[in-house]
Amino acid sequence: MMDVVSLYIVWFVAGVVVGSFLNVCILRIPRGQSVVRPGSSCPQCRQPVRWFDNVPLVNFIWLKARCRWCGSRLSWRYPLVEGLNGLGYLAVAGTFGFGMVAVVYALFVSVLLTVMMIDFDHLIIPDVISLPGMVIGFVASTFIVPVGWRSSLIGIVLGGGLLWGLAILSPYLFGKEGLGGGDIKCLAMIGAFLGWPNVLLTLFLASFAGAVVGVSLMACRRLELGQYLPFGPFLAAGAVVSLFCHRDIFRLYADMFR
Ligand SMILES: [Zn+2]
């Protein structure tokens with residue numbers, strides 16, 4: 001039997017390794033490329049990355065953030081995604097233990113991280129992520145995580161429906177289209193994993209954070225009026241906060257009206 005510290009280390013390393021795969025997904029899924037073949041190569045000189053240079057997180061340090069062959073800079077995003085995913089897995093294990101529930105939520109955190117980065121780069125959330133995610137979330141909520149199929153199903157309909165309604169109304173409300181189909185399907189997927197109360201919390205947190213960031217960016221002239229701010233990163237961040245903190249937030253909310 002492994003002691004708890006070793007379990008956490010294994011869990012973190014697993015998160016970093018999966019994070020390395022997420023980097024491949026973030027790069028290739030929006031381009032419609034396979035995430036399995038070919039192996040990774042340098043974006044500048046196209047030299048394949050050797051297996052010993054492909055050790056996540058540490059490779060960045062011993063390669064001094066440069067390609068071994070052409071010396072071009074490696075993006076700091078690679079270790080960032082790997083590290084964040086590792087930390088995410090630690091948080092999941094710390095909150096939900098080391099069972100199947102934690103495996104489901106670890107997968108969910110990885111999917112959210114991928115969505116966040118892809119939407120940030122390309123202003124899209126690919127269907128190949130959110131549609132299978134919806135199905136997996138529903139099945140997991142039915143059989144593994146304590147959400148239940150009813151709450152999951154209502155979460156899908158509510159999450160998708162609310163954003164769909166907002167997307168239809170936004171040309172009238174804001175004079176422009178504010179939401180894409182990707183956002184709609186993404187919140188439906190989040191509802192599948194988290195159930196309906198948390199989908200409302202996620203939407204509230206994401207809208208609030210999106211408004212604060214949007215107004216701040218406009219205030220320092222980093223964002224022009226009418227320019228598009230991707231909503232996916234806010235939805236993903238809102239879902240992560242809901243996953244880990246919903247009990248505290250709902251308790252705080254209940255206390256306010258006591
Ligand atoms: Zn290179």
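Beyond its neighbours within four places in sequence, L63 is in contact with D53, R68 and L74 in this predicted model. The residue is located in the loop that connects α2 (58–62) with α3 (77–96). L63 is classed as partly exposed because 14 C-beta neighbours fall inside 10 Å. Its C-alpha atom is separated by 32 Å from that of G94, a residue 31 positions away along the chain.

The loop between α2 and α3 also holds K64. Phi of K64 is near 50 degrees, a positive value in a residue other than glycine. K64 has 10 C-beta neighbours inside 10 Å and therefore counts as exposed, the limit for that class being 12 or fewer.

The peptide bond joining R37 and P38 is cis, with omega at about -10 degrees. At L57, a residue other than glycine, phi is positive, with a value near 65 degrees. L57 is assigned to the partly exposed class because its C-beta neighbours inside 10 Å number 16.

The buried residues of α1 are G15, V16, V18, G19, S20, L22, N23, C25 and I26. In an α-helix there are 3.6 residues a turn, so positions three or four places apart point the same way. The cover over the buried residues of α1 includes α3 and α4 (100–122).

Two helix pairs were examined for packing geometry. The packing of two helices is described by the angle between their axes together with the distance between those axes. For α4 and helix α9 (residues 232–256), the axes come within 8 Å and cross at roughly 160 degrees. Angles over 145 degrees count as roughly antiparallel, and α4 and α9 are therefore roughly antiparallel to each other. Their crossing is left-handed. On the α4 side the contact is made by Y105, V109, L112, V115, M116, D119 and F120, while α9 contributes G232, P233, A236, A239, V240 and L243. By class, the residues of this contact of α4 with α9 comprise 11 nonpolar, 1 polar and 1 charged.

The second pair consists of helix α5 (residues 127–143) and helix α7 (residues 181–194), whose axes come within 7 Å and cross at roughly 20 degrees. An angle under 35 degrees counts as roughly parallel, and this description therefore applies to α5 and α7. The crossing of α5 and α7 is left-handed. From α5, residues D127, S130, L131, G133, M134, G137, F138, A140 and S141 meet K185, C186, A188, M189, A192 and F193 of α7. The contact of α5 with α7 divides into 9 nonpolar, 4 polar and 2 charged residues.

Terms used. Residues are numbered from 1 along each chain as its sequence is written. This is a predicted model: local features need pLDDT of at least 70, side-chain atom pairs count only at pLDDT 80 or more; totals for chains, interfaces and linings use all residues. Helices (H or I, at least four residues) and strands (E, at least two) are DSSP runs, numbered from the N terminus. A residue is buried if 20 or more other C-beta atoms lie within 10 Å of its own, exposed if 12 or fewer, and partly exposed in between; C-beta atoms are placed from the backbone. Two residues are in contact if their C-beta atoms, placed from the backbone, lie within 7 Å. Axes are lines fitted to C-alpha atoms, for helices over the stretch in contact, and angles run from 0 to 180 degrees between N-to-C directions. Angles under 35 degrees count as roughly parallel, over 145 as roughly antiparallel, 65 to 115 as roughly perpendicular and the rest as oblique. A crossing is left-handed if the near helix is turned anticlockwise from the far one by less than a right angle, and right-handed if clockwise. Ala, Val, Leu, Ile, Met, Phe, Trp, Tyr, Cys and Pro count as nonpolar, Asp, Glu, Lys and Arg as charged, and the others, Gly among them, as polar.
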